[in-house]
Amino acid sequence: MRGEVTCSVRIWQSPRVKAGGRYPLGPGAIHVTSIREIELADITPGLARRSGFQGVVDLLKVAKHGPGQNVYLVEFEYKAG
C-alpha cells in the first residue's frame, strides 16, 4: 500500500487478473496497469526486488500457483479509498 511493490510475477495456467482490473486491498485497491507473459529467464534480481523479494529464488518460491507453467508479469499501482 506504500507503493514500494509495483509488480508481481505469477506462474499460472492462464491469467487470473486483467489490465484495467481493480482488486480490493485494505482501504483501497490494486489497479492492474498491465499483464504480459514473460520467460523464467526474464526474472532478474532487480525484478525480484520490485516484486518485494530479496532475490529470484525467494520470488520463485511463492510465484507458482497450482499446476501452471506460464510466467506472467503483472504491473500495478495501489490507490487508497
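Here are some friendly notes on the predicted model above, point by point.

1. **Ground rules.** This is a predicted model, in which local features need pLDDT of at least 70 and side-chain atom pairs count only at pLDDT 80 or more, while totals for chains, interfaces and linings use all residues. Residues are numbered from 1 along each chain as its sequence is written, and side-chain values use heavy atoms, with hydrogens and water left out.

2. **Confidence.** A word on pLDDT, the predictor's confidence in each residue, which runs from 0 to 100. The protein averages 94, and 100% of the residues score at least 70. Confidence is lowest in helix α2 (residues 56-63), with a mean of 94, and highest in β3, at 97.

3. **Overall layout.** The protein has two helices and four strands, and from the N terminus on they come in the order β-β-β-α-α-β. The radius of gyration is 12 Å, close to the 12 Å that the globule rule gives for 81 residues, so the protein is as compact as a globular protein of that length. For the record, that radius is taken over C-alpha atoms, and the globule rule is 2.2 Å times the number of residues to the power 0.38. Helices (H or I, at least four residues) and strands (E, at least two) are DSSP runs, numbered from the N terminus. Along the principal axes, the C-alpha atoms fill a box of roughly 35 × 25 × 20 Å.

4. Buried residues account for 33% of the 81 residues. Here buried means under 20% relative accessible area, exposed means over 50%, and partly exposed is in between (1.4 Å probe, protein chains only). Contact means heavy atoms within 4.5 Å. Among contacts between residues at least 6 apart in sequence, 76% join residues at least 24 apart.

5. **The sheet.** Strands of a sheet pair through backbone hydrogen bonds, either parallel or antiparallel. In this model, four strands form an open sheet in the order β1-β4-β3-β2, with antiparallel pairing. Its edge strands are β1 and β2 (22-25), each of which pairs on one side only. Neighbouring strands of the sheet are turned by 35° against each other on average, direction ignored. Two strands count as paired if DSSP finds at least two bridges between them, and the strand angles come from axes that are lines fitted to C-alpha atoms (for helices over the stretch in contact), with angles running from 0 to 180 degrees between N-to-C directions.

6. **Which strands are covered?** Strand β4 (residues 70-79) has seven of its ten residues buried, so it is largely enclosed by the rest of the structure. Strand β1 is mostly covered as well, with five of its six residues buried.

7. **The aromatic pair.** There is one aromatic pair by the rule used here. W12 and Y72 form it, and it is tilted, at 6.0 Å centre to centre with 35° between the planes. The pair links distant parts of the chain, with W12 in strand β1 and Y72 in strand β4, 60 residues apart. Rings of Phe, Tyr and Trp (its six-membered ring) pair if their centres lie within 6.5 Å; planes under 30 degrees apart count as stacked, over 60 as edge-to-face and the rest as tilted. Both W12 and Y72 are buried.

8. **E75: buried or exposed?** E75 sits in strand β4 and is buried, with a relative accessible area of 18%. Leaving aside neighbours within four places in sequence, E75 is in contact with T6, C7, H31, V32, T33, S34 and R50.

9. **A look at Y23.** Y23 is found in strand β2 and counts as partly exposed because its relative accessibility is 28%. Apart from neighbours within four places in sequence, Y23 is in contact with V17, K18, A29, I30 and V32. The C-alpha atoms of Y23 and Y78 are separated by 9.5 Å, although these residues are 55 residues apart along the chain.
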